[in-house]
Amino acid sequence: MKATIVLDKETEKELNELKTFINTSKSRLIRDAIRELYFKERRARENLLFFVNLYNEGIITNDLLFLLLPRKDAEAIIIGSKTGKEAAEVVKSNS
Amino acid sequence: MSKVIVDSSTLIALERANLINFLNKIDYSTIIPIAVKEEIINERILKFLIIQELKGRTLKLSRSLEHLGIGKGESQCCALANKLKLKFIICDDRKFIRQRFFLYNKNIRNIKVLGFSFFLHMFYKKRLIKDVWQQLDNIIKLNHWERSEVLIANYTLLKEMGY
């Protein structure tokens with residue numbers, strides 16, 4: 001598929017710099033970026049609670065969450081897990 | 001009887017899942033401040049609740065929390081919890097959960113936030129519901145809380161409670 005993409009000046013500058021850093025084509029860089037976003041989104045859509053379990057058990061760190069999932073989901077796991085654990089302590093101490 | 005202070009987000013979620021009737025079958029009296037009452041359109045929800053007005057220092061504390069950007073309902077819930085010396089409120093507002101996480105304010109930090117799963121736990125203990133996970137899924141879908149802090153906080157609470 002061929003596509004015309006519209007980039008703002010800043011993104012265009014970054015793309016050109018990245019092209020010289022990595023020494024690869026612009027098309028390849030865009031394909032890689034889309035692929036990474038696609039996999040992050042698929043992981044979050046299909047396996048979010050699996051990542052929550054791994055995080056709650058201390059198997060994966062905050063940094064790894066941000067590498068594997070979209071930012072929004074990684075933040076939700078970090079904030080939600082802390083809130084849920086504090087809540088569980090309250091419930092246990094009240095019962 | 002123990003007391004719990006509940007925000008409109010949780011009450012509306014329970015109503016949507018047809019679980020609101022169970023509130024008068026658990027060993028807690030459910031209290032809401034005036035601001036939460038104003039957020040509830042469905043009159044049917046109100047008959048299960050005790051409405052409490054904020055005065056004096058409690059109202060002042062609530063206003064100071066509002067100045068930090070906290071919603072009026074959540075601010076009044078926290079101030080009321082502080083007055084009644086309760087360690088927690090029940091709230092499923094995503095924005096408030098995030099604000100509480102990022103704000104370094106002792107009046108907010110000292111009060112823990114429990115979600116609707118607290119009630120699922122109570123309903124299950126009273127044998128009013130059979131499957132907490134099915135109810136969790138249902139509430140999450142009905143309120144469009146998929147992939148949010150609300151889902152993860154409630155899921156974590158139930159997991160930590162051994163479900």
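Among the contacts within chain A that link residues at least 6 apart in sequence, 48% join residues at least 24 apart. The model in which these contacts occur is a predicted one. Chain A contains 4 helices and 0 strands, and its order along the sequence reads α-α-α-α.

The radius of gyration of chain A is 19 Å, whereas a compact globule of 95 residues would have a value near 12 Å. Along the principal axes, the C-alpha atoms of chain A fill a box of roughly 60 × 25 × 25 Å. Of the 95 residues in chain A, 19% count as buried.

## Chain B: helices and strands

Chain B has a secondary structure of 10 helices and 5 strands. Its radius of gyration is 15 Å, which agrees with the value near 15 Å that a compact globule would have with 163 residues. The box filled by the C-alpha atoms of chain B, again taken along the principal axes, comes to roughly 45 × 35 × 25 Å.

In chain B, 44% of the 163 residues count as buried. For contacts in chain B between residues at least 6 apart in sequence, the share that joins residues at least 24 apart is 68%.

## Helix α4 of chain B

Helix α4 of chain B covers residues 56–67, 12 residues in total, and reaches 17 Å from its first C-alpha to its last, which is close to the 16 Å expected at 1.5 Å a residue. Within α4(B), the residues Thr58(B), Ser62(B) and Leu65(B) are buried. When α4(B) is seen down its axis, these buried residues fall within an arc of 60 degrees, so they line one face of the helix. In an α-helix there are 3.6 residues a turn, so residues three or four places apart point the same way.

The buried residues of α4(B) pack against two further helices of chain B, α5 (72–83) and α7 (106–109). On the face turned away from the buried side, α4(B) carries the exposed residues Gly56(B), Arg57(B), Lys60(B) and His67(B). Following α4(B) comes Gly69(B), which has a positive phi, near 105 degrees.

## The contact between the chains

The contact draws 20 residues from chain A and 24 residues from chain B. On the side of chain A that touches chain B, α2 (26–56) and α4 (71–94) of chain A each supply at least two residues. The largest share of that side, 15 residues, comes from α4(A). Sorted by class, the side of chain A that touches chain B consists of 11 nonpolar, 5 polar and 4 charged residues.

## Ile152(B) and its partners

One residue of chain B that reaches across to chain A is Ile152(B), which has its place in helix α10 of chain B, residues 149–160.

Leaving aside residues up to four places away in sequence, Ile152(B) touches Val52(A), Ala76(A), Ile77(A), Gly80(A), Ser81(A) and Gly84(A).

Definitions and conventions. Residues are numbered from 1 along each chain as its sequence is written. Chains are lettered from A and ligands numbered from 1 in the order in which they are written. This is a predicted model: local features need pLDDT of at least 70, side-chain atom pairs count only at pLDDT 80 or more; totals for chains, interfaces and linings use all residues. The radius of gyration is taken over C-alpha atoms; the globule rule is 2.2 Å times the number of residues to the power 0.38. A residue is buried if 20 or more other C-beta atoms lie within 10 Å of its own, exposed if 12 or fewer, and partly exposed in between; C-beta atoms are placed from the backbone. Two residues are in contact if their C-beta atoms, placed from the backbone, lie within 7 Å. The expected span of a helix is 1.5 Å times one less than its number of residues. The arc is that of the directions from the helix axis to the C-beta atoms. Ala, Val, Leu, Ile, Met, Phe, Trp, Tyr, Cys and Pro count as nonpolar, Asp, Glu, Lys and Arg as charged, and the others, Gly among them, as polar.
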